Amino acid sequence: MKNPKRPIQVNFHPFHPYLYILDESHCHVWNYTRTTLLHSLECCEGRGQTKHSILLNPNFRPFFCVLNNDAEVYIWRDFQSAKEKTLASAFRAFGEVPKQKIPMLMNYGEVKNNLIISGQSKRMACWNLIKEIRLADIQTQTEMPLTAMASSDGASENVQENLLLSGFHDGVCRIFDLRMNPGDQVVQRFENSSTGNKYVVNVHLVPKTDQKHVYVSHSSGEMFLWDLRKNGRGRYLLSDKPFQTHKVVNNNLKAVAFHNYAPVMACGSKDQYIRILNVPWGDSLNDIKFHEGFMGQRVGPIVSLAFHPFQYKLASAGLDNVVSVYEKVFNQSRY
């Protein structure tokens with residue numbers, strides 16, 4: 001599928017063959033089985049450039065939540081249809097336009113319906129989407145921009161539901177306890193010196209198991225597995241060092257995706273290939289370097305990856321505007 005503009009992010013619909021492709025101004029809804037563009041939604045009504053998106057309530061009646069570079073959030077209802085689309089809510093996360101142009105991210109906790117938004121280098125905003133009120137500001141205690149987030153809200157049954165894990169541009173990760181008072185919410189800071197200050201691409205909590213593990217991937221191509229169990233000193237990490245280290249790609253890691261149920265992950269490189277690995281051992285299962293078909297061209301530099309929530313399908317978006325959907329990624333591709 002050739003997207004009209006350079007894609008930023010891709011998302012699957014859980015039950016319909018729809019793929020949502022986000023670029024700097026629109027969300028394009030594609031039927032990927034027919035490679036047909038159904039319609040395009042102007043996400044932010046012409047205000048700013050879109051930076052990040054999340055599907056809310058995807059298993060019932062999904063809402064499309066979009067964040068732009070002015071820290072404005074737009075939530076759309078019935079966005080799959082050009083005629084029925086409705087702007088359900090819109091608000092500015094910080095009350096003012098961010099002065100610095102830094103990465104903009106969101107994280108949604110499905111248990112408490114809290115949306116955490118980054119867009120200021122020193123703080124994040126926590127909004128409750130049911131009440132549509134701003135609950136608090138979370139102080140990051142650093143000047144570095146935030147590059148990755150993961151919440152324990154709904155992610156694991158045995159990890160405390162008030163933890164927020166964040167990765168930053170200097171390669172440092174911080175654990176926030178959202179129950180604490182503002183200014184005291186950073187309860188753990190950790191990093192691995194071998195990454196050489198390479199920024200954090202992705203942080204991932206192992207979902208809905210008794211394992212209290214977090215995967216941290218860096219742009220250097222290294223991935224570290226940390227143990228979140230508390231030690232005797234009350235710290236949120238069992239050890240000051242990761243208990244597993246994997247070199248998932250050679251360099252220039254740009255995107256990471258984990259499947260919700262299958263023990264697999266995908267890593268996309270700027271060097272134009274996708275590597276499929278098993279979890280947690282990090283063994284390589286497959287490399288995708290070319291598009292399907294006779295004399296298929298090489299895949300472009302990867303910017304986004306997404307697994308289907310329930311099926312063995314993987315979507316990838318590249319700088320060449322080409323978006324591909326693969327199935328049976330363990331040994332071969334189809335679309």
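Predicted model: local features only at pLDDT ≥ 70, side-chain atom pairs only at ≥ 80, totals over all residues.
The loop between β9 and β10 contains Asn113. The phi angle of Asn113 is near 60 degrees, which is a positive value in a residue other than glycine. Asn113 has a relative accessibility of 21% and therefore counts as partly exposed, the limit for a buried residue being under 20%.

The largest nonpolar core comprises 17 residues, of which Cys65, Val73, Ile75, Phe91, Met106, Leu115 and Ile117 touch the most other members. At least two residues of this core are supplied by each of β5 (50-56), β6 (63-68), β7 (72-77), β10 (114-118) and β11 (123-128). Met106 may be taken as an example of the surroundings of a core residue. When neighbours within four places in sequence are left aside, the contacts of Met106 include His52, Ser53 and Ile54, together with Cys65, Val66 and Leu67. Met106 is also in contact with Leu115, Ile116 and Ile117, as well as with Met149.

A further open sheet of four strands has the order β21-β22-β23-β24, again with antiparallel pairing. Its edge strands, β21 (253-258) and β24 (284-288), each pair on one side only. Strand β21 runs antiparallel to β22 (residues 264-269), and five bridges join the two. Leu253 has Ser269 of β22 as its bridge partner.

Asn252 is located in the loop between β20 (244-247) and β21. As a residue other than glycine, Asn252 has a positive phi, near 60 degrees. The relative accessible area of Asn252 is 30%, so this residue is partly exposed.

A search of the whole structure for cavities of 30 Å³ or more finds two. The largest cavity holds about 40 Å³ of space. Its lining consists of 10 residues, and those closest to the cavity centre are Gly300, Ile302, Ser316, Gly318 and Val322. With three residues, strand β26 (residues 313-318) gives the most to this lining.

The loop between β25 (302-307) and β26 includes Pro309. Pro309 counts as buried because its relative accessibility is 15%, where buried means under 20%. Apart from neighbours within four places in sequence, Pro309 is in contact with Phe12 and Pro14, and also with His259, Asn260 and Tyr261. Pro309 and Pro58 are 251 residues apart along the chain, and their C-alpha atoms are separated by 9.7 Å.

Definitions and conventions
Residues numbered from 1 in each chain as written. Heavy atoms only, no water. Core = buried A, V, L, I, M, F, W, Y, C linked by side-chain atoms within 4.5 Å. Buried < 20%, exposed > 50% of the residue type's maximum accessible area, 1.4 Å probe, protein only. Contact = heavy atoms within 4.5 Å. Pairing = 2+ DSSP bridges. 1 Å grid on protein atoms, 1.4 Å probe; cavity = no way out; pocket = protein on both sides within 12 Å on 5 of 7 lines; lining within 4 Å. Points joined across faces, edges and corners; volume = space filled by probe spheres on them.
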